[in-house]
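Here are my notes on this model, as numbered points. Please read them with the structure open.

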Amino acid sequence: MDRAQKNAIEIANWLKEQKAVTKVIYPGLPEHPGYEIMKKQARGFGAMLTFQLESKEFALAILESLGGVETLITYPITQTHADVPHEVRMQNGITEGTLRLSVGIEDTKDLIEELTKVFDEVEGELHGRKRS
C-alpha cells in the first residue's frame, strides 16, 4: 500500500498541472477538506483519487486509453454511479468529465509517462494542440 499511496500523490500533483484537468480530489493534497483529519487518523491517504476533465469527450477518450492490471481507471457515470440520479451526481461533483483512478504499484514514472502520452493524444484529437 505504501508504494500505491506514493504513486497516488505523485499522480495527483501531476494531474493538477494538466490543462484539461479542472479538479483533482485526493485526501493527500493539502487543499482537500479532509486532509488534516486524514493526517491525524490514518497512516496514509490511500490510492484512490478522482479527477474531472474539461468534457465528457475528453474523459471517455482517456478512459478508453488507460487501465491495466495494477492501476485501474473508471468512469463513475456509467459504472459505479450509473444508478444514482443525475441531480444527486451533480450535487456530489460527479460530472460527465469525472474519472476515478485507483493507483497501483507500478513505477510512478511509467504511469505518468503513459498519462502524458494519452493526454497529448486526446488533446491533439479534441483541440488540435500538442504539448511543447
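1. Accessible areas here come from the Shrake-Rupley method with a 1.4 Å probe. On that basis the protein exposes about 7,700 Å². Carbon and sulfur atoms supply 50% of this area. Bear in mind that this is a predicted model.

2. Overall dimensions. A compact globule of 132 residues would have a radius of gyration near 14 Å; the protein has 15 Å, which agrees. Its C-alpha atoms fill a box of roughly 45 × 40 × 25 Å along the principal axes. Of the 132 residues, 42% count as buried.

3. Element order. The protein has five helices and four strands. From the N terminus they run α-β-α-β-α-β-α-β-α.

4. The sheet. It is open, with antiparallel pairing and the strand order β1-β2-β4-β3. Strands β1 (21–25) and β3 (72–74) stand at the edges with a single partner each, so one side of each lacks a neighbour in the sheet. The twist averages 20 degrees from one strand to the next.

5. The β2–β4 pair. Five bridges join β2 (residues 48–53) to β4 (residues 98–102). Glutamine 52 stands opposite threonine 98 of β4. Helix α1 (residues 2–16) lies across β1, β2 and β4, at about 10 degrees to β2.

6. The core. Which residues touch the most other members of the largest nonpolar core? They are Ile11, Leu15, Leu49, Phe51, Leu53, Ile62 and Phe119, out of 32 residues. Elements giving two or more residues to this core are α1, β1, β2, α3 (56–65), β4 and α5 (108–127). Leucine 53 touches residues including Val21, Phe58, Ile62, Leu99 and Phe119.

Terms used
Residues numbered from 1 in each chain as written. Predicted model: local features only at pLDDT ≥ 70, side-chain atom pairs only at ≥ 80, totals over all residues. Heavy atoms only, no water. Pairing = 2+ DSSP bridges. Axes fitted to C-alpha atoms, helices over the stretch in contact; angles between N-to-C directions. Contact = heavy atoms within 4.5 Å. Core = buried A, V, L, I, M, F, W, Y, C linked by side-chain atoms within 4.5 Å. Buried < 20%, exposed > 50% of the residue type's maximum accessible area, 1.4 Å probe, protein only. Rg over C-alpha atoms; globule rule 2.2 N^0.38 Å. Lists of a residue's contacts leave out its neighbours within four places in sequence.
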